[in-house]
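Please work through the exercises below with the model open beside you. Each task is followed by a solution that goes step by step.

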Amino acid sequence: MAPAVLLVAGVYAYPAITTVAYSLSDIDLSPRFRIVRFTGLDNFFNQLGSGAFWESTWTTLYFGVMLCLVTVVLSFAIALLLNKTFLGRGLVRVTVLLPWAVPPVASGVLWVQMFHAEFGFLNGLIRAFGGEGDIIWLGGQTIALHSVLIAEVWRWIPFATIFLLAGLQIVPRTVKEAAAIDGAGSWRTLRHITLPLMLPVVIPVVIFLFVWAMKVFDTIFVLTRGGPSRATTTLNFLVYRQGFEQFDFGSAAATAYLLSALTVLAIAGLGWMLLRARRLAGA
């Protein structure tokens, strides 16, 4: 029992408590890393009064919502296709899972090549269909954020597809057959039977995707480094900038805890939706 407690304390409790101490302190790096004085909640108030913090907060929330929405919609469509019987279904299932096996940094490097303005695959594809193909995917603020979003959606579609496909396979066949006997078409069966019964599966997937979106770092680091002009600086990347570019570890620790609080609030809201979905599914 004691070794397990010490292990948990060392791995989880010590970093968490230390970060709390940093968030409440003024830290000096010269001549060594040390706490100069405790400043109370000043670091938190400074962040809440900072335009950069709120800009990153809205970027993070938008990124998280869009990642969940686009990933779940595309994954659900793929799962519906893979739930049908057709020649080569096994090969298609393996192909769909491949992006999940790619390490995050390798995925970022891959998408850097895909988004290259002159030699990239996407602009080449546009030129092949007669377009100009001169889009600077990572150059503009709006398009850079959505380019990062495309790369992250590509990474997480396999994960969501696996869970949604498993959910589709536990929808009772007898219920669908009864709906068909009553004259319900494919769309009405999907809307009124499949989707409600799938909610207890969809919501945990959304929770996981949202939490991951709050933590995204490597793809942003490889593709844009948070730019251009902070357009892709999420809260997690802001923590990195404050800590390891500006060496303001007190502000970085405070931002990290504010990000954690935001994530917990989102999980609580989605958890409440999950409980309601389960009650409705069991009703």
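A salt bridge is taken here as a side-chain nitrogen of Lys or Arg within 4 Å of a carboxyl oxygen of Asp or Glu. The model is predicted, so local features need pLDDT of at least 70, side-chain atom pairs count only at pLDDT 80 or more, and totals for chains, interfaces and linings use all residues. Residues are numbered from 1 along each chain as its sequence is written, and side-chain values use heavy atoms, with hydrogens and water left out.

**Exercise 1.** State how many salt bridges the rule gives, and examine the pair formed by Arg-230 and Glu-55.

Solution. In one of them, the side chains of Arg-230 and Glu-55 meet at 2.8 Å, N to O. This pair links distant parts of the chain, 175 residues apart, since Arg-230 lies in the loop between helix H10 (218-223) and helix H11 (235-244), whereas Glu-55 belongs to helix H3. Helices are DSSP runs (H or I, at least four residues), numbered from the N terminus. For exposure, buried means under 20% relative accessible area, exposed means over 50%, and partly exposed lies in between (1.4 Å probe, protein chains only). Arg-230 is partly exposed because its relative accessibility is 35%, and Glu-55 is partly exposed at 30%.

**Exercise 2.** Decide whether Arg-241 is buried or exposed, and describe its salt bridge.

Solution. Arg-241 has 17% relative accessibility and therefore counts as buried. Its salt-bridge partner is Glu-245, with the closest N and O atoms 3.6 Å apart, and Glu-245 is partly exposed, with a relative accessible area of 44%. Elsewhere, salt bridges that share partners join Glu-152, Arg-155 and Asp-218 into one network.

**Exercise 3.** Find which residues make the nonpolar surface patch, and which helices supply them.

Solution. Patches are made of residues with over 30% relative accessible area and no salt bridge, like charges being joined within 9 Å and nonpolar side chains (Val, Leu, Ile, Met, Phe, Trp, Tyr) within 5 Å. Accessible areas come from the Shrake-Rupley method with a 1.4 Å probe, and for residues only the protein chains shown count as cover. Leu-41, Phe-45, Leu-48, Trp-54 and Trp-58 make a nonpolar patch of about 560 Å². Helix H2 (42-48) and helix H3 (51-82) each supply at least two residues of the patch. Leu-48, found in helix H2, counts as partly exposed because its relative accessibility is 37%.
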